[in-house]
Amino acid sequence: MQYKFMAPDEIRQAISDNTPVVISIGNLEYHSGHLPVGTDGLIIEGCLKRLEQRHPEVILLPAFYYGTSSFAVAGPEYGSLSVDSMTVCRFAEELFTNLLQTGFKNIHGFVYHQSENFMQGMPLDLAFRFAGRRAIFAEEERKKGRGWWGDSAMKDYYDAPENNIFNHIMIHALTDEKIEEEFSSDHAGIVETSAMMELYPETVHLEKHISSDWFAGSSLQSSAEFGRRYVSAIVDNMEKVLFFK
């Protein structure tokens with residue numbers, strides 16, 4: 001269910017049901033000559049649409065594409081856009097604050113950019129993760145005042161994990177270790193190209209492959225069947241994260 005189409009009564013019911021609300025966190029970055037610049041976000045969106053087929057109740061926020069891509073792969077003359085991570089963080093904090101004040105307590109974001117070092121973090125995912133923590137702390141202080149965590153009402157806090165406020169906003173890599181072991185994410189190579197063949201075949205133009213882009217060399221081995229298996233694994237992981245905790 002797309003948030004932008006929801007009426008107020010549907011929103012209140014979703015909050016009552018603790019339905020997951022999800023944002024796709026992408027960017028606009030050069031993906032060699034054969035893929036569109038929105039590839040990272042498009043793959044997330046495409047997988048979320050497949051998840052929605054299994055769980056029509058999931059709430060999909062409008063996708064975010066103006067992320068911190070950096071110009072590590074190519075400069076802006078090749079179509080890459082990169083918004084400073086602190087600017088992204090300020091936007092994300094305001095978004096999360098609004099969602100918390102609306103009443104949502106099951107907020108998630110999926111990132112598919114520079115996620116090979118997700119445990120330590122990269123600028124885009126760190127911006128959203130930091131924003132989520134800032135929003136949570138600020139909202140608790142707004143509602144309960146300073147000293148809220150030290151109050152005696154919090155003494156059983158760690159005995160009730162379902163009440164853990166830090167689970168109200170969670171940012172996830174699109175893939176987990178198991179998926180990475182089998183597929184090993186790349187940049188415009190066989191994995192991303194195959195995923196796009198499965199999700200958006202009209203956007204893939206292998207005849208525009210650029211041989212000097214070393215990172216995209218494996219793209220010529222791509223297939224929709226490989227992409228189908230990869231996308232299915234991602235959607236299974238999304239389902240596990242959001243519904244089978």
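How many bridges join strand E1 to strand E3 (residues 107–111)? In this predicted model, local features need pLDDT of at least 70 and side-chain atom pairs count only at pLDDT 80 or more, while totals for chains, interfaces and linings use all residues. Residues are numbered from 1 along each chain as its sequence is written, and side-chain values use heavy atoms, with hydrogens and water left out.

E1 and E3 run parallel and are joined by 5 bridges, with Val-22 standing opposite His-108 of E3. Helices (H or I, at least four residues) and strands (E, at least two) are DSSP runs, numbered from the N terminus; two strands pair if DSSP finds at least two bridges between them. E1 is also joined to E2 (residues 59–60) by 2 bridges, again in parallel: Val-21 is partnered by Ile-59 and Val-22 by Leu-60.

In E1 (residues 21–25), 5 of 5 residues are buried (under 20% relative accessible area, 1.4 Å probe, protein chains only). In a regular strand the side chains alternate between the two faces of the sheet. Here, Val-21, Ile-23 and Ile-25 are buried on one side, and Val-22 and Ser-24 on the other.

How values were computed. Buried < 20%, exposed > 50% of the residue type's maximum accessible area, 1.4 Å probe, protein only.
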